[in-house]
Amino acid sequence: MNIGVLALQGAVSEHVEYLEKAMGKLGVSGKVVEVRTNAELGGLDGLVMPGGESTTLSLVMDKEGMFGELGEVPKIFGTCAGAILLSKSILEPVNGQKSLGLLDVEISRNGYGRQLESFEAPLETKIGKLNGVFIRAPVIEKVGEGVDVLAEHKGKVIAVQQGNYLATTFHPELSGSTLFHEHFLKIE
C-alpha cells in the first residue's frame, strides 16, 4: 500500500509517523511518501491532507494543477484544513479558495474562533476514544445524505466519512493515538 501525505504545510512528519505506526499495528506492508507535486499523486492508494491554512493550501494546489489528479486518488483523509479542502461547500470562502467537492458537507473555516480559542478535549467516537486537538478548527455545519457522522463535540460534528473520504476537524496526528490513521488504512 502506498500512502501519500500532502507536504505543502501542516503536521506532515507527524502524519507520516502515525501512518507508519498504524501500518505496523495492522500488519500492512507499504510505504508512506511526502507529496509536493501533481506528478507525485500518481500510483497512490490513499492520501492524507494535513491541516495548515486552507486558503494557502488551495492556492498552492491550484497552481500545481493538483485538483484534477486529487480526484483520482482512491481514498483521502483530510484533517482540519484538509477537511475544508475535501468539502462540497465552504461557508465564507476567501477569494480564490477552492475545494475538491468530494465530501458532501458544508464547513465553516475557523468555526471555533481564532488561534487563542484552540483547545484539547477527550473525544468518544464511533471508532474509539482519543484526545482531540483543535487548532483554529473548522466546524462541519451541515452533513449531506450518505455521510456517516463518526464524532461530535458539544453538539458540533467533528469527524465524518463518506465512502472513501474521511475528515476530522481536529488533529488526530497530535492525539497520541493512531486510531483514525488505522481506520483510514482499513477503508477499501
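Predicted model: local features only at pLDDT ≥ 70, side-chain atom pairs only at ≥ 80, totals over all residues.
In soluble globular proteins, nonpolar side chains tend to be buried together.

Leucine 47, when residues up to four places away in sequence are left out, touches Gly4, Val5, Leu6, Val35, Leu41, Leu70, Val73, Lys75, Ile76, Phe77 and Phe184. Leucine 100 is placed in the loop between S5 and S6. Leucine 100 counts as buried because its relative accessibility, 15%, is under the 20% limit. With residues up to four places away in sequence again not counted, the contacts of leucine 100 are Met49, Phe67, Leu70, Leu85, Leu86 and Ser87. Leucine 85 is 15 residues from leucine 100 along the chain, and the C-alpha atoms of the two are separated by 5.8 Å.

Six salt bridges are found in a search of the whole structure. Side chains of opposite charge can pair when their charged atoms come close. One of these bridges joins lysine 21 to glutamate 17, with 3.1 Å between the closest N and O atoms. Both residues belong to helix H1 (residues 12–26), where they are four residues apart, or about one turn of the helix. Lysine 21 is partly exposed at 44% relative accessibility, and glutamate 17 is partly exposed at 38%.

In another bridge, arginine 36 pairs with glutamate 34, and the closest N and O atoms are 2.5 Å apart. The relative accessibility of arginine 36 is 43%, so this residue counts as partly exposed. Glutamate 34 is likewise partly exposed, with a relative accessible area of 36%.

A salt bridge also forms between the side chains of aspartate 62 and lysine 98, at 2.9 Å from N to O. Aspartate 62 is in helix H2 (residues 54–63), whereas lysine 98 is in the loop between strand S5 (87–91) and strand S6 (103–108), so this pair ties together parts that are 36 residues apart in sequence. Aspartate 62 has a relative accessible area of 36% and is therefore partly exposed. Lysine 98, with a relative accessible area of 37%, is partly exposed as well.

The largest pocket holds about 190 Å³ of space. Its lining comprises 17 residues, and the ones that lie nearest the pocket centre are Gly52, Glu53, Cys80, Ile135 and Arg136. By type, the lining divides into six nonpolar, seven polar and four charged residues.

Cysteine 80, one of the residues nearest the centre of the largest pocket, also has a positive phi, near 55°, although this residue is not glycine. Most residues other than glycine have a negative phi, and most peptide bonds are trans. Cysteine 80 is located in the loop between strand S4 (76–79) and H4, and its relative accessible area of 5% makes it buried. Lysine 154 is another non-glycine residue with a positive phi, in this case near 50°. The loop between strand S10 (148–153) and S11 contains lysine 154. At 76% relative accessibility, over the 50% limit, lysine 154 counts as exposed.

Glycine 43 is part of the loop between strand S2 (31–35) and strand S3 (46–49). Its relative accessibility is 63%, so glycine 43 counts as exposed. Glycine 4 is 39 residues from glycine 43 along the chain, and their C-alpha atoms are separated by 9.6 Å.

Note on methods: Residues numbered from 1 in each chain as written. Heavy atoms only, no water. 1 Å grid on protein atoms, 1.4 Å probe; cavity = no way out; pocket = protein on both sides within 12 Å on 5 of 7 lines; lining within 4 Å. Points joined across faces, edges and corners; volume = space filled by probe spheres on them. Nonpolar A, V, L, I, M, F, W, Y, C, P; charged D, E, K, R; others polar. Helix = DSSP H or I, 4+ residues; strand = E, 2+ residues; numbered from the N terminus. Buried < 20%, exposed > 50% of the residue type's maximum accessible area, 1.4 Å probe, protein only. Salt bridge = Lys/Arg side-chain N within 4 Å of Asp/Glu carboxyl O. Contact = heavy atoms within 4.5 Å.
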